[in-house]
Amino acid sequence: MFKLSDEGVAYVKKELERYETKRSAIIPCLYRVQSENGGWVSPESINYLSELMDLPVAWINEVFHFYTMFNKEPVGKLHVQVCNNITCCMLGARELTEHISKTFEMGIDELSKDGKITLSKVECLGSCDTAPMMQINDSYHENLTPESAVKIIKDMVHGN
Amino acid sequence: MPKLTLNGKEIEVPAGSTIIEAYKQLDEPIAHYCWHPGLSIAGVCRLCVVEIEGNPRLQIACNTQIQEGMVVNNNSEKVKTAVKWGLDFHLINHPLDCPICDQAGECELQNQYMEFGKYDPEMAEPKVKKRKVVDLGERVVLDTERCILCSRCVRFTNEVSKTNELGIFNRGDRSEVGTFEDKPLNNKYSVNTVDICPVGALTSKDFRFKQRVWYLKNKPSICTGCSTGCNVNVYYNEEGVFRVKPHYNKEVNGYWMCDEGRDIYKHINRKSRMLRGRYKQNGVWCTTQALEVAKKAGQKLSSFKGEEIAVLVTGQYTNEELNSLVDYSVNKLGSKSVFHWKNNENNWQDFDGHLIRGDKNPNTKGLQGVLQKYAVGGEWKELENQLSKFKAVVVAGPENQSVYFDIKEKIESLKSLECVVWFTAGENSNFEKLSDNSYLIPQKTSVEKNGHFTNHQGLTQKVEEVTTILPEALNLEETVSLMLGNSLDLSIRDKQEMGVLKTNYFSQERGSL
């Protein structure tokens with residue numbers, strides 16, 4: 001059964017008072033749940049959040065399903081999100097995604113065999129000047145080539 | 001009150017109203033899906049567009065307030081093109097499976113298409129496939145593919161039932177209406193979402209595939225489910241009554257009614273009715289016409305003294321009927337022992353804050369009025385305590401037996417009397433237990449008679465005859481008249497006997513829903 005840490009609960013309580021309506025606090029609270037739940041939001045955690053925030057579960061689910069930043073399935077320790085919008089694609093983002101997928105033998109939105117990496121295609125991450133780029137967890141990695149991207153991921157898997 | 005011109009007609013509307021309300025007031029056609037007078041404004045379907053003079057862009061009528069001197073039309077070419085394209089966008093992912101859709105015939109999308117569409121779709125992409133036949137609890141079935149995302153049902157659960165089960169999940173063309181994790185939509189007003197759904201996305205489990213809507217007629221009536229007295233439309237054909245839907249009445253129920261009230265048609269149909277009159281003599285039940293039983297019962301009752309007769313009444317009859325029965329008791333039988341039988345003493349006063357009341361009788365106020373008028377009346381307990389005093393009892397039993405949980409006990413305690421005359425619309429196996437000199441007289445249900453019901457707030461509402469289910473059944477006035485020995489002009493006999501409700505066997509083969 002999922003539960004937020006004490007700091008997490010305090011964070012949610014603070015967010016609830018920050019906006020005019022409680023509904024506005026759903027996004028930051030969902031983010032908190034995602035980070036404390038190992039990178040994804042489970043149905044139980046939505047139920048839990050609904051009780052904690054005293055909001056209908058459908059309202060939270062609506063927000064959760066609308067935004068792609070909330071993961072619907074468990075993700076690996078490294079969530080590799082390759083930008084596949086127009087600028088990045090012109091500079092080889094599709095090929096880059098395919099190369100990563102082949103190297104680590106995993107499909108899009110699937111866990112790698114060792115369960116450490118998830119690869120996703122995402123829309124514009126607002127870093128067109130340094131295309132092609134990818135986001136791993138919270139950090140941006142820019143001006144990539146297939147080789148450099150694979151190297152970055154491998155380094156991160158080995159804990160550097 | 002601001003004045004404006006709509007489609008060339010001048011109209012005066014209350015300040016603060018929107019253009020679409022003015023259209024409704026004028027009874028001019030205007031296309032719309034998401035707007036509903038009982039809900040907040042969403043402005044998502046973009047179909048109610050109108051052209052306002054001096055405004056370069058088309059505006060949606062549902063969310064534009066009226067200003068003095070506005071000149072508005074919705075019949076220009078510009079508007080027609082906009083509506084056509086709006087409709088085309090709605091149809092991009094709509095399956096257009098009207099022939100197998102239960103909503104066909106009363107579908108706003110279908111009506112709209114027949115009026116403005118009738119062209120081949122210009123969309124080359126394949127349609128997005130979504131989930132079909134999603135079980136949403138006891139009463140509602142969801143087909144997300146047919147949904148046009150008008151959000152009426154979502155707003156209904158947020159604003160009216162205040163249960164917040166429904167939401168629109170995902171986004172873009174993958175948007176789906178639904179409940180979290182497909183939880184059942186088991187609130188007490190859930191079928192209203194089916195009524196307001198403009199398409200066949202939400203359908204009623206009880207009604208779907210039972211009858212095509214174009215084989216049904218409808219007439220207004222009053223719900224007999226409780227003392228609120230919601231105004232309803234009864235949908236029926238020669239096989240019986242198929243469903244009940246709310247009918248707008250600002251003072252009573254607004255646009256809504258509860259799920260329980262929708263079940264009232266079940267005790268109206270032949271299946272649960274007492275078809276013939278019965279009386280017990282020398283230990284044998286004899287079946288005959290209702291009017292013969294009434295005459296016999298009248299003769300038998302006249303052999304008792306006034307103080308030996310008790311009358312037990314439920315608030316399930318019209319004011320006129322109750323008046324004639326109590327009058328008969330007081331003035332003809334000479335019995336002032338009239339008792340009020342309540343459906344459930346414990347939750348009699350319950351109220352859920354919206355429509356549902358614990359008093360499950362349509363005419364309790366009316367009955368109290370009649371009892372007051374004749375200065376009679378008492379509770380069941382009083383009758384029970386002095387039961388040995390009486391030799392005969394006349395019972396105006398409930399039409400809706402499903403809310404009278406104590407009907408079996410009442411029969412048990414009354415069977416010791418010498419003579420029981422029981423008026424009833426519904427059949428009940430416990431009647432067999434009654435002893436000799438018992439008379440069972442089939443009564444009409446609320447949809448078969450004319451009269452008035454007085455609801456909890458003291459509002460007297462008219463019920464009119466909708467259809468005849470049992471030509472043989474009598475109403476209380478007729479019964480009383482027959483019991484007095486009068487003959488009755490039974491022109492109702494000429495009415496055609498109703499057919500037996502047919503079962504749609506194919507609906508059973510389609511699976512569990």
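Mentor: Start with the second largest cavity, which has a volume of about 80 Å³. Rolling a probe the size of a water molecule over the atoms shows where empty space is left. On a 1 Å grid over the protein atoms alone, a cavity is a set of points where a 1.4 Å probe fits but cannot get out; a pocket is an open set with protein on both sides within 12 Å along at least five of seven lines; lining residues have an atom within 4 Å of a point. Grid points are joined across faces, edges and corners, and a volume is the space filled by probe spheres set on the points.
This is a predicted model, in which local features need pLDDT of at least 70 and side-chain atom pairs count only at pLDDT 80 or more, while totals for chains, interfaces and linings use all residues. Residues are numbered from 1 along each chain as its sequence is written, chains are lettered from A and ligands numbered from 1 in the order in which they are written, and side-chain values use heavy atoms, with hydrogens and water left out.

Trainee: Which residues lie nearest the centre of the second largest cavity?

Mentor: They are Cys147(B), Cys150(B), Ser151(B), Cys153(B) and Cys197(B), from a lining of 14 residues. That lining divides into twelve nonpolar residues, one polar and one charged. Here Ala, Val, Leu, Ile, Met, Phe, Trp, Tyr, Cys and Pro count as nonpolar, Asp, Glu, Lys and Arg as charged, and the others, Gly among them, as polar.

Trainee: How many cavities of 30 Å³ or more are there in the whole structure?

Mentor: The search finds three. The largest cavity has a volume of about 230 Å³. It is lined by 19 residues, and closest to its centre are Val191(B), Val194(B), Ser204(B), Phe207(B) and Arg243(B). The lining of the largest cavity has seven nonpolar, three polar and nine charged residues.

Trainee: Which elements supply the lining of the largest cavity?

Mentor: Elements are DSSP runs numbered from the N terminus: helices (H or I, at least four residues) and strands (E, at least two). In chain B, helix H5 (191-196), strand S10 (202-204) and strand S13 (240-246) each give at least two residues to that lining. The largest share, four residues, is from S13(B).

Trainee: What is the volume of the largest pocket?

Mentor: The largest pocket has about 920 Å³. Among its 31 lining residues, Thr68(A), Met69(A), Asn71(A), His79(A) and Gln81(A) are the closest to its centre. Helix H2 (26-36), strand S1 (78-83) and strand S2 (117-122) of chain A are the elements with two or more residues in this lining. S2(A) has the largest share, with four residues. By type, the lining of the largest pocket holds nine nonpolar, 13 polar and nine charged residues.

Trainee: How is chain A divided into domains?

Mentor: Domain bounds come from an automatic or database domain assignment. Chain A has domain 1 (6-66) and domain 2 (78-157), with C-alpha centres 28 Å apart. Each of these two domains puts at least three residues into the lining of the largest pocket. Chain B is divided into domain 1 (3-90), domain 2 (123-208) and domain 3 (271-494). In chain B, the C-alpha centres of domain 1 and domain 3 lie 53 Å apart.

Trainee: Now the interface: what area do chain A and chain B bury between them?

Mentor: The size of an interface is often given as the accessible area lost when the parts come together. Buried area is the accessible area (1.4 Å probe) that two parts lose on being put together, summed over both. Chain A and chain B bury about 1,100 Å², 58% of it on carbon and sulfur atoms. Contact (heavy atoms within 4.5 Å) links twelve residues of chain A with 13 residues of chain B.

Trainee: Where does Pro132(A) lie?

Mentor: Pro132(A) is in the loop between S2 and strand S3 (134-136) of chain A. A cis peptide bond joins Ala131(A) to Pro132(A), with omega about -10°.
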